[in-house]
Amino acid sequence: MRYKISAPHPVNHLIEIEMTVENPSGAEMSFQLPSWRPGRYELGNFARNVQRWNAFDEKGMPLPFRKTGKDLWQVNVNDASAVVIRYNYFAAQLDAGGCWLDENQLYINPVHCMLYVPERMHEACEVSFDLPMSYKLATSMEKLSDHVLKAQDYHELVDSPVIASPTLQHKAFTSGSTIFNIWFQGDCKPDWNRVVEDFKKFSEEQIRTMVDFPVNEYHFLIQILPFRFYHGVEHLKSTVLALGPGSNLMEPALYIDFIGVASHELFHSWNIKTIRPAEMLPYDYTRENYSRLGFVYEGVTTYYGDLFLVRSGVYSVDQFFMEINARLQKHFDNYGRFNLSVADSSFDTWLDGYGPGIPNRKTSIYDEGCLIALMTDILIRTKSKGQASLDEVMRTLYRDFGKRKIGYTESDYLSIVEKLSGESMADFFMDYVYGTEDYEPLLSESLSLAGCQLVKRSSTFDSEKYFGFKTILSEGKTIVKQVAPRITGRYSRTGQGRRNYQCE
Ligand SMILES: [Zn+2]
């Protein structure tokens, strides 16, 4: 497959894409655009950003085509020796998982905008960029020349975001045999010594725990925005982080978030990109890929993202507990915990997983998933008398499934946890992962086993403390954001942690 990308008029945000497929077989050929992107388990319907789409033969003569699905085109090949598709894509979503074009950069997540031929996904992909020579490319894809990239197959192509810009800032470091690259796009002045030192610490800690790294080279691609922003998306050989405002990058509040999301996304290189639920191996880009294992691929990753930071000395112990407290706060603020289990909420990310949704309907694979990981870790350590931990669970998944390219199932996860803890964990999974049992008693017990105490405090806000509703101040108006349901005796309120957390 060959793709050519150009951007003749950056101000209109339209990327021009030409895809050439040699030697078509059969009278018709299908061209599919993904309907979602791995990392965000909901439909994205990227075809809505395609403004114009046409098919030609090798001589430039138009070929007839029609749409047979919302993101599927059928081309009448006739006797053409090559099919050339020319289309454009509206790149106006600047976050960690989107596409953006302006006069300063061309940034693509190929999963949004690169078509594929379903029966030829295994073929190598070559992508050439028609850009000014001053533009550098930051990506994990192999570089055939300055502006020509190669992916082994379509799966690698769509797992490899690209930032092309004349203003990229770059440093690299090595850790064992792995090269790590850090790229910044956007207005900021990173304290490189500190950034490299901290990234090196948590990367080495992760590799030490997991024994080795799944790939030889990794790229942190960081989009810096001029306003408050926080987002991260994982890939096997890279991650994109979008953060802002750039002027505050090295200020404690944003820097802690920056390091936090970087560590989280790096661990995904093992947990989801290599250690994959069977139902997502391989990914099916055309439809929902339902899984109830979000408490592992996001919950365990959320737990470890912060744990690696405190283990490697990048976070203080106090900072780590602040992160755990933020999860606890969100858990106790969310009365959906009594309605939908974390496993079922994982399945339902495809329905309403990324917006607030109706009140108190669901839980979060990030927050409840993290607390499940914390309790699982403490239970394994206790039951095995300190002989095993969640570390060993993840190493086992990596060694026995991830490295062998075998997808794991829900029962695989349960049996590894049970084997390492030395006794049945069926009740724990039934009650807390697949059920809506109140976490509080077990959380309290587990934390006390780890030498901690779960302490509840009354909210300092009268509306929350006395009346059970939360308010926010927006544009001079007080708005009621949440009302506690009447569930006598089953919940409690504290009053901190109003924080937006979005990493994928
Ligand atoms: Zn994640």
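The questions and answers below concern a predicted model.

Q: Is the packing of α3 and α4 roughly parallel or roughly antiparallel?
A: Helix α3, residues 192-210, packs against helix α4, residues 252-268, with the axes 10 Å apart and at an angle of about 30°. Because angles under 35 degrees count as roughly parallel, the arrangement of α3 relative to α4 is roughly parallel.

Q: Which residues have the most contacts inside the largest nonpolar core, and with which residues is V83 in contact, leaving aside its neighbours within four places in sequence?
A: The largest nonpolar core has 122 residues, and those with the most contacts inside it are I15, V83, L241 and L243. For V83, once neighbours within four places in sequence are left aside, the residues in contact are V21, P24, M29, A55, D57, L63, V75 and V77.

Q: What is phi of N23, and is N23 buried or exposed?
A: N23 is found in the loop between β2 (14-22) and β3 (28-32), and its phi is near 45°, a positive value in a residue other than glycine. With 9 other C-beta atoms within 10 Å, against a cut-off of 12 or fewer for this class, N23 is exposed.

Q: Is I272 buried or exposed, and what is its phi?
A: I272 lies in the loop between α4 and α5. Because 24 other C-beta atoms lie within 10 Å, I272 is buried. Its phi is a positive value in a residue other than glycine, near 130°.

Q: How far apart are the C-alpha atoms of R292 and S345, and is R292 buried or exposed?
A: R292 is found in the loop between α4 and α5, and because it has 21 C-beta neighbours inside 10 Å, R292 counts as buried. Leaving aside neighbours within four places in sequence, R292 is in contact with A343, D344, S346, F347 and E410. R292 and S345 are 53 residues apart in sequence, while their C-alpha to C-alpha separation in space is 7.6 Å.

Q: What separates the C-alpha atoms of R66 and L131, and those of E392 and L340?
A: R66, in strand β5 (residues 65-69), counts as exposed because it has 9 C-beta neighbours inside 10 Å. E392, in helix α10 (residues 390-402), is partly exposed, with 18 other C-beta atoms within 10 Å. R66 and L131 are 65 residues apart along the chain, and their C-alpha atoms are separated by 32 Å. For E392 and L340, which are 52 residues apart along the chain, the separation of the C-alpha atoms is 29 Å.

Note on methods
Residues numbered from 1 in each chain as written. Predicted model: local features only at pLDDT ≥ 70, side-chain atom pairs only at ≥ 80, totals over all residues. Axes fitted to C-alpha atoms, helices over the stretch in contact; angles between N-to-C directions. Helix = DSSP H or I, 4+ residues; strand = E, 2+ residues; numbered from the N terminus. Parallel < 35°, antiparallel > 145°, perpendicular 65-115°, else oblique. Core = buried A, V, L, I, M, F, W, Y, C linked by C-beta atoms within 7 Å. Buried ≥ 20, exposed ≤ 12 C-beta atoms within 10 Å, placed from the backbone. Contact = placed C-beta atoms within 7 Å.
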